[in-house]
Amino acid sequence: MTTTPHTLDQLDLEHFKTLQRLAYDCAETIAAGLQPGVTEREAAQAMKVWLQEHGVDDWFHQPFAWFGDRTAFRGFSGFNPRFYPSGRRLQENMPFILDCAPVMNEVVADIGYSGCLGNNPTLDMLMNDLAQHRSLILEKIRARWSMAEVSRAVDELCRQQGVEPRHKAYPFSVLAHQVGRLRESRTKFSVGRFGLRSLNWLTRASWRSRQQGTSPLWSSGKRSDHAPVPGLWAVEPHLGFGDVGAKFEELLVITEHDAYWLDDDLPHVQRWQRVLQNQVA
């Protein structure tokens with residue numbers, strides 16, 4: 001399997017998998033400690049500190065946290081500052097999303113974790129709906145649908161479920177973006193919460209992809225109307241219903257002839273397995 005600018009072998013993939021699990025461990029740890037009154041900024045900062053204490057040395061992007069109706073990204077679009085962690089305080093039965101993209105050495109992870117402080121039936125519904133999206137994305141990529149067609153299939157599934165594809169509020173309306181090994185650098189800065197090394201990598205990847213008629217940004221638009229591109233993709237379907245949003249984000253491996261999720265033992269997958277077990281019981 002190849003991706004720009006480096007070739008990823010099985011050892012590389014294990015490093016990405018290890019960092020992805022570390023990022024989810026961080027999200028679960030911080031989520032378990034959330035209390036009424038904590039702000040988005042405090043939650044995001046707690047994630048940042050935890051990850052740095054566990055060896056993270058740079059960022060694809062620094063941690064984000066969204067509480068309550070902000071999980072549905074109402075009024076968010078593009079590079080709007082509303083994406084940044086705010087002073088919104090968490091309350092009982094309020095949904096939240098924790099999102100982080102750490103870098104360790106040259107390896108990148110990008111994860112999204114949805115939860116609730118208490119109970120929220122709408123969040124439960126959206127989390128159950130997301131299971132179908134994970135299966136759909138893998139099925140269609142394996143069938144070699146164009147990446148735009150897969151994203152449009154996600155849009156259509158949202159319509160059938162009666163929910164909104166809130167990932168369209170992200171910059172360039174992306175369902176996913178490509179990641180790869182970063183160049184080693186002693187200087188590690190962030191610009192607008194995004195790591196400079198990562199922005200440079202994405203810029204180079206965009207230039208190379210344009211030469212090949214592809215894009216490292218995966219959306220429903222014409223730029224993604226091409227065959228699946230081998231590499232690692234951070235996939236983040238984000239569903240909204242009313243004032244509640246939910247998402248997962250994890251790495252999808254695309255090869256020349258196949259595709260698979262890098263790790264099938266992540267919190268949202270475990271959640272769906274528990275739901276199935278309870279249904280059988």
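A residue counts as buried when its relative accessible area is under 20%. The model is predicted.

**Exercise 1.** Classify the ring pair of Trp 218 and Trp 233, locate both residues in the chain, and state whether they are buried or exposed.

*Solution.* 
1. A pair of aromatic rings is described by the distance of the centres and the angle of the planes.
2. Rings pair if their centres lie within 6.5 Å, and planes over 60 degrees apart count as edge-to-face. By this rule there are eleven aromatic pairs.
3. For Trp 218 and Trp 233 the centres are 5.7 Å apart and the planes stand at 85°, so this pair is edge-to-face.
4. Trp 218 belongs to strand E9 (residues 217–218) and Trp 233 to strand E10 (residues 231–235); the pair thus links distant parts of the chain, 15 residues apart.
5. Trp 218 and Trp 233 are both buried.

**Exercise 2.** Carry out the analysis for Phe 248 and Trp 272.

*Solution.* 
1. The centre-to-centre distance is 6.0 Å and the planes make an angle of 80°, an edge-to-face pair.
2. Phe 248 is in the loop between strand E12 (244–247) and strand E13 (250–254), while Trp 272 is in helix H6 (residues 267–280), so the pair ties together parts 24 residues apart in sequence.
3. Phe 248 has a relative accessible area of 0% and is therefore buried.
4. Trp 272, at 11% relative accessibility, also counts as buried.

**Exercise 3.** Compare the span of H6 with the expected value, and determine against which elements its buried residues pack.

*Solution.* 
1. The expected span is 1.5 Å times one less than the number of residues.
2. H6 has 14 residues, and its first and last C-alpha atoms are 20 Å apart, close to the expected 20 Å.
3. The buried residues in H6 include Pro 267, His 268, Val 269 and Trp 272.
4. Packing partners of the buried residues of H6 are helix H1 (10–33), strand E4 (111–117), helix H3 (121–142) and E13.

How values were computed: Residues numbered from 1 in each chain as written. Predicted model: local features only at pLDDT ≥ 70, side-chain atom pairs only at ≥ 80, totals over all residues. Heavy atoms only, no water. Phe/Tyr/Trp six-rings, centres within 6.5 Å; stacked < 30°, edge-to-face > 60°. Helix = DSSP H or I, 4+ residues; strand = E, 2+ residues; numbered from the N terminus. Buried < 20%, exposed > 50% of the residue type's maximum accessible area, 1.4 Å probe, protein only. Contact = heavy atoms within 4.5 Å.
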